[in-house]
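Hi everyone, thanks for coming.

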Amino acid sequence: MFGSDFCHPPLTTVTSPAEQAGRMLVDMLMGTCAPGRAVLPTPLHVRDSTG
């Protein structure tokens with residue numbers, strides 16, 4: 001994640017798959033994908049700020 005490299009200690013962050021979420025939303029709106037609950041990966045990047 002941009003900016004976390006400049007912090008001391010390095011911050012723990014969560015990556016949000018915004019592009020993938022947008023594509024899935026468009027697919028749901030266009031009817032090319034079943035509407036309902038969607039689960040997307042949100043990786044946790046553990047760094048030195050976690051105790």
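**Surface first**

The chain exposes about 4,300 Å², and carbon and sulfur atoms supply 63% of that area; these areas come from the Shrake-Rupley method with a 1.4 Å probe. Before I go on: this is a predicted model, where local features need pLDDT of at least 70, side-chain atom pairs count only at pLDDT 80 or more, and totals for chains, interfaces and linings use all residues. Residues are numbered from 1 along each chain as its sequence is written, and side-chain values use heavy atoms, with hydrogens and water left out.

So how much is buried? Buried residues make up 6% of the 51 residues in the chain, where buried means under 20% relative accessible area, exposed over 50%, and partly exposed in between (1.4 Å probe, protein chains only).

On overall shape, the radius of gyration of the chain is 16 Å, whereas a compact globule of 51 residues would have one near 10 Å. That radius is taken over C-alpha atoms, and the globule rule is 2.2 Å times the number of residues to the power 0.38. The C-alpha atoms fill a box of roughly 45 × 20 × 10 Å along the principal axes.

Now the elements: from the N terminus on, they run β-α-β. Helices (H or I, at least four residues) and strands (E, at least two) are DSSP runs, numbered from the N terminus. Ser16 sits in the loop between strand E1 (13–14) and H1, and Ser16 is exposed, at 57% relative accessible area. Just after H1, Gly31 takes a positive phi of about 80 degrees.
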